[in-house]
Amino acid sequence: MRNSNQPVFRWTATLLLICLSKAVHSLSRVAFEKLTELDYRGNTYYTVKNLSLYECQGWCREEPDCQSAAFSFVVNPLTPVQETLCQLQNETSANNPAAVPQRSVNMYYMVKMQIRSDNVCLRPWAFERVPNKMIRGLDNALIYTSTKEACQAACLNEHRFTCRSLEYNYVTLQCHLSDSDRRTTGQYVQFVDSPGVDYFENLCLKANQACKGNRPYQIPRIGVSDDKVAQYASLHYYVDKELQVTSESACKLACEIENEFLCRSFLYRGPPVGSSYNCQLFHLDHKTLPDGPSTYLNAERPLIDNGERVGTYFENTCEKPSGSPQDTLPIVFDSTEDPAVNNQTRTDVNCDRTGTCYDVSVNCKDTRIAVQVRTNKPFNGRIYALGRSETCNIDVQNSDLFRLDLTMSGQDCNTQSVTGVYTNTVVLQHHSVVMTKADKIYKVKCTYDMSSKNITFGMMPIRDPEMISITSAPEAPPPRIRIVDSRGREVETVRIGDKLTFRIEIPDDTPYGIFARSCVAMAKDSKSTFQIIDDEGCPVDPSIFPSFTPDGNALQSVYEAFRFTESYGVIFQCNVKYCLGPCEPAVCEWGRESVESWGRRKRSVVSNQTSNESEDDMTLSQEILVLDFGDEKNNEFLRSETSSSDFGKDKTVTIVEPCPTKTSVLALGVTCALLVLVYISTIFCYYMKKWLSPRKTLA
């Protein structure tokens, strides 16, 4: 009978997949950052001429291998057309904070990024980047992020104030957000050199958000003649858009309402003549140029001057916002105190100024540190690892019980480890962006003592010298050896050449991993011994017994069955040790090849890290019966000897008589046929003789 719930299930599954795909898509979006007249080293894999700036950037956006695009242009003196060159790069040094860009006139360098924000605009680039620069002061918020992309996402997501610029420190991982930029007036803006810090301007802002106050357009007063500035803009500014207008005010209006890019300047060439364009819009201004106003002083006139009009150049300026002087001060987020908080709560290091008390517990796992927080009142905010607020965080909404899992490897949570001690710093923050005095910071530590198989851990508020510790002692489970066939069935009797899997197993729900070394194969009578894994964890002869590979918490090696000449029984014996989490492979050299074996930790591990390994060796053994090709099974033919005292835990395996071969069956058949033939011949001769002999008659 057909299930009527199947259509409902399919629709539910389809909707779930759609929701999941949208959620994954919303995690990160493609965006670009642009650098003006700067160039980074990279590997160019495709070059095309005479593309527009937006076609070049769009091509890189669609190309999966493209990491950056270098766009350069020059005005042909014989024609009024800008000749362009677009270079797509699949490798770039722009993502290396230590890389130094090269100056390059008429060059726009665009770097592709993945930003986790739904507020990424559809403009060609989201940020203007200036390496090794910063604005001194004027910060509205300070957070810690693991990457500059996370800092950029925080700027795009900021709703308390208009984030116009940000600065990211690659060393301290500090992310400074500000509602000011290089064009802010009414405040003393110091744009200074700062090695290791990059300055970014938000280009996803709408035109009415670009300035704190009004945004009028006027001829720039920068100590350079107006004609020289206009001449430079007409030759060295890339024209983002040009159109024909009837007046200067119409050209200014076109720049004000432009939405495809943030229009900062325009060049009006005078009243329209024929069908030629007389209004050019630019995303540049003198603040964008690396050398500022001095750029116009060093410019040379064109080689061919036909005497045509240059026009009038206008830039937008930001006026001082109206209101009291307090409007220009950075926003400060403070928290109010709860009047119901008593004196005991105020003196408790685990309680904050709002009366919220935190009961923090730590559970040390094999691959993570679980930090669980219970509060006496619902908590709103976030918990994250210090310096990894974007990649290792949990948002908390009106909850009194929540947990943060800190990974012990990788850079997501930046957990530090030294000789079995894993540490991290956790922040309990009320505000989504900034830290306040009401927030709590805890130092979390897990110590794994492998020799005694005890796990101790503790946590300590940074502001409190006392240590709160909790101890746990999970037992290390005993490993076992299993030999299975290609179907996964455990076997005891096999033939030479059968494909088998040698497995050393421990339960999956344990924080420990295992590694094996000093493995030997012995004959049943112990007269012959063959080492298959050496003391370093590498296979002695990979053609007979290959290296170990991990399978979950287990180790396994796929080999072909072999036996010793004088014995059917083969005993395997391995030395097994514990380590915290999955063990690292040993790099083994075999001929000209280099292979990895999970038989032990890497040989290059320094001696002070060996404390992560157990000092107590555990020896395992397992016996298997290996038969020849011509042997025949028979319950009365052969039985194994009793297990020797040296291997008291070994299994006793009954060896049955081997199966007959085709030759023996054929020989037996021929012999039986001959005997039957002799028997028939004898009977035939007997009756023939009796029939031919004369019968005796009585007289």
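Let me begin with a term: a polar contact is a pair of N or O atoms within 3.5 Å, where, within protein, one atom must be able to donate a hydrogen and the other to accept it. Please keep that in mind as we look at this structure, which is a predicted model.

I will start with Arg123, which sits in the loop between β5, residues 102-115, and β6, residues 127-130. The side chain of Arg123 has a polar atom 3.2 Å from the backbone oxygen of Asn259, and a polar atom of that side chain also lies 2.7 Å from the backbone oxygen of Leu203. Leaving aside residues up to four places away in sequence, Arg123 touches several others, among them Arg61, Cys204, Lys206, Glu260 and Phe261. Is Arg123 buried or exposed? Its relative accessible area is 8%, and because the cut-off for buried is under 20%, Arg123 counts as buried. Between Arg123 and Phe32 there are 9.0 Å from C-alpha to C-alpha, although the two are 91 residues apart in sequence.

Now let us turn to a sheet. Five strands form an open sheet in the order β13-β17-β15-β16-β14, with antiparallel pairing, and its edge strands, β13 at 217-218 and β14 at 241-243, each pair on one side only. Helix α4, residues 226-236, packs on this sheet, where it touches β15, β16 and β17, and its direction makes about 85° with that of β17. Within the sheet, β15, residues 265-268, is joined to β16, residues 279-282, by 4 bridges, and Leu267 has Gln280 in β16 as its bridge partner. Helix α5, residues 248-256, also packs on the sheet, touching β13, β14, β15, β16 and β17, and its direction makes about 155° with that of β15.

Technical notes:
Residues are numbered from 1 along each chain as its sequence is written. This is a predicted model: local features need pLDDT of at least 70, side-chain atom pairs count only at pLDDT 80 or more; totals for chains, interfaces and linings use all residues. Side-chain values use heavy atoms; hydrogens and water are left out. Two strands pair if DSSP finds at least two bridges between them. Helices (H or I, at least four residues) and strands (E, at least two) are DSSP runs, numbered from the N terminus. Contact means heavy atoms within 4.5 Å. Axes are lines fitted to C-alpha atoms, for helices over the stretch in contact, and angles run from 0 to 180 degrees between N-to-C directions. Buried means under 20% relative accessible area, exposed over 50%, partly exposed in between (1.4 Å probe, protein chains only).
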